[in-house]
Amino acid sequence: MLWMLLAVLSVNSAWLHAEEATYNELRYAINENRLTAEVASNPKVSGEIVIPAEIRVGQNTYTVTSIGDKAFKGCKNLTSVVLPATLQRVYRSAFEGTGFMLDKNNWQEGCLWIDSVLIATDKNIKPRFILPANTRIIAAGAFAGNKAVTRVELPATLKRIDHETFRNCKNLTKVIIPASVTSIGEEAFTGSGIYLNENKWKKGALIIDDCLVATNNDLPAKYIFKNSTPIRLIAERAFSERKQLKTVIIPSTITRIPTAAFFHCENLTDVTIPAEVTEVDNFAFYDCALLKNALLPKGLQHLGMGAFYGCINLREQVLGEQIEILEQATFYMCRSLKKMPLPAHLRKIENGVFAGCASLEEIHLPETLESLGETAFAGCITLRDLIIPAKVGSVSKQLCIGCTHLNRVVLPEGLYAVGNEAFKDCIELEKVNIPKTTYRIGEYAFSNCTQMRRINLVPHIHKLEQGAFSGCKLLEQVTIPEQLEVIEKEAFANCLNLYEVTFSGTNGALKTIEPNAFFHCVALREITFNPALQIIGDEAFAECRNLRKITYPEALKQIGAGAFRDCANLRQPMFAPHVSVGKNAYKGTKK
């Protein structure tokens, strides 16, 4: 079962990608949590384009903060671009091969600018380059590979040095970083003259103007930040894949642990995080398999997606009360995590947050919770109770798939849907009360809930979806609601103890029973179909070997192939000519 679960979780890695939307013929990737948008790949734009400060998608307004990697790459007919004031990040690659970049008239002294945004540089740049005071953004990779530049002074208006900004600038020996810079992207200086100068490294760390920008294999196993002046920021991926690193003590001057800062530090066991840290960004401790202790401060305001993804030895964690959203896969596969107190004002638990947390014994969801993402608790094999708060409108796809010790689930009044495979393979789940407001029970929603004895199908359900209760071996009685129109494939297949199926109401809306719907329901003895039934699908009741009596409706038009195959105690009836009987429909029954 474990390999099947891992396969399910692997498939759902699609959670980690942003949703896309189109606005005024441009495509954007949108972040629903932060209400921001990034210009996505638009390979066919031409002429003059104006990128707006905001876009509206559905009921939400998103602020445009980024132009993504290769967004307009190769658009030879793109001649002019207007950027919004809201922009925070631009990729040089976004404009590679565009008419705008290829037109030399747009270059000034070795620089390509759009308003106050530096897009790219070339060999004509001044070796000692001072950026204008009004520069607000330097594109990721803007100086990459530039051998002409030797010294760069950044303006006090700049907030970020993006990834690969100075990569492979082999003659660059000096960069002055102002205090206004609060983040540095991955490999911003890799391969530069500064990076290649061994004298610039101290105890395995490259520090520029009190910013730790990179580390190498000389890093000690226990790293304590020591410098003549305090380190004020850590670059993204600064400690990434340092196998020798075991212990880190982060100083109180650090307020943010950036994206992938300790990515795949496979021997890291202990991290001391100071109270001053307010942000832990995406994948900060991704796949730190031996990490046991990394308690978050109570004042933490933001915890990024996949922050502790794959930290299989992490035993406990504390979440700040200011956190309202747990982003995707935050604690994915934290197999040693036993308890997780949640913030009192938590609104969202996104996809896969606790998926694979095999030791998670209990989770108390706050009443403020509004949504639970797909696979949020998938594979939490020791979780026993789950009470879903009143504001949650639907149970997401594969929410608790493979929770093999889940015994009790309380669904809120007002719930309108139970998603596909939501409780599949919850083999100890005995009873679930479906709220009267529910109109959908998804495919295989309760499949293989082998301890479930009864289920209440509520009036608003019009279709019982494929495999919804298949493999519920102890399920004994089912009442089909009057409004139900279709019982789909395998809905009750292999329900070995199902002995009674009752069709409520005098008329009933059920018209179709699809193939294998009641396959191998060996305890079923008698059925009186509702009057509206027209189609019984292929092998719908095959191998119901104790089925003895059926009352067929006059509306019946079709009985599928093998519909009652090997129902050894059933006699084949005579039908009116208008009823189509499929091949071997009654094979193995009494003559």
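Phe492 touches Leu457, Leu464, Phe469, Ser470, Leu475, Val478, Ile487, Leu498, Ala517, Phe518, Phe519 and Cys521, leaving aside residues up to four places away in sequence, where contact means heavy atoms within 4.5 Å. The model is a predicted one, in which local features need pLDDT of at least 70 and side-chain atom pairs count only at pLDDT 80 or more, while totals for chains, interfaces and linings use all residues. Residues are numbered from 1 along each chain as its sequence is written, and side-chain values use heavy atoms, with hydrogens and water left out.

**Nonpolar cores**

Phe492 is also one of the residues with the most contacts inside the largest nonpolar core, which has 189 residues; the others named for this are Phe331, Phe354, Phe377 and Phe423. Apart from this core lies another one, of seven residues, among them Ala329, Met333, Ala355 and Ile401. A nonpolar core here is a set of buried Ala, Val, Leu, Ile, Met, Phe, Trp, Tyr and Cys residues joined through side-chain atoms within 4.5 Å; buried means under 20% relative accessible area, exposed over 50%, and partly exposed in between, with a 1.4 Å probe and protein chains only.

**Cysteines**

A search of the whole structure finds zero disulfides, a disulfide being a pair of cysteine sulfur atoms within 2.5 Å. For Cys265, which is in no disulfide, the nearest cysteine sulfur is that of Cys288, 5.0 Å away, and Cys265 is buried, with a relative accessible area of 0%. Cys544 is likewise in no disulfide, and its nearest cysteine sulfur, that of Cys521, is 5.0 Å away; Cys544 is buried, with a relative accessible area of 0%.

**Strands and sheets**

Strands of a sheet pair through backbone hydrogen bonds, either parallel or antiparallel. Helices (H or I, at least four residues) and strands (E, at least two) are DSSP runs numbered from the N terminus, and two strands pair if DSSP finds at least two bridges between them.

Strand E6 (residues 60-67) pairs with strand E3 (residues 36-39) in the parallel sense, with E5 (residues 54-57) in the antiparallel sense, and with E8 (residues 89-90) in the parallel sense. In the hairpin of E5 and E6, two residues lie between the strands, and Gly58 takes a positive phi near 60 degrees. The bridges of these pairings are listed below, together with those of two further strand pairs.

| Strand pair | Sense | Bridges |
|---|---|---|
| E3 and E6 | parallel | four bridges |
| E5 and E6 | antiparallel | four bridges |
| E6 and E8 | parallel | two bridges |
| E23 and E25 | parallel | three bridges |
| E28 and E29 | parallel | two bridges |

Within the pairings of E6, the bridge partner of Ala37 is Val64, Glu54 stands opposite Thr63, and Ile67 stands opposite Val90 in E8.

An open sheet of three strands has the order E21-E23-E25, with parallel pairing. Strand E21 (222-224) and strand E25 (270-272) stand at its edges, each with a single partner strand, so one side of each is left without a neighbour in the sheet. The twist averages 5 degrees from one strand to the next, with axes taken as lines fitted to C-alpha atoms (for helices over the stretch in contact) and angles running from 0 to 180 degrees between N-to-C directions. Between strand E23 (residues 247-249) and E25, Thr247 has Asp270 as its bridge partner.

Three strands also form an open sheet in the order E28-E29-E30, with parallel pairing. Strand E28 (325-326) and strand E30 (371-372) stand at the edges with a single partner strand each, so one side of each is left without a neighbour in the sheet. In strand E29, Lys348 is the bridge partner of Ile325.
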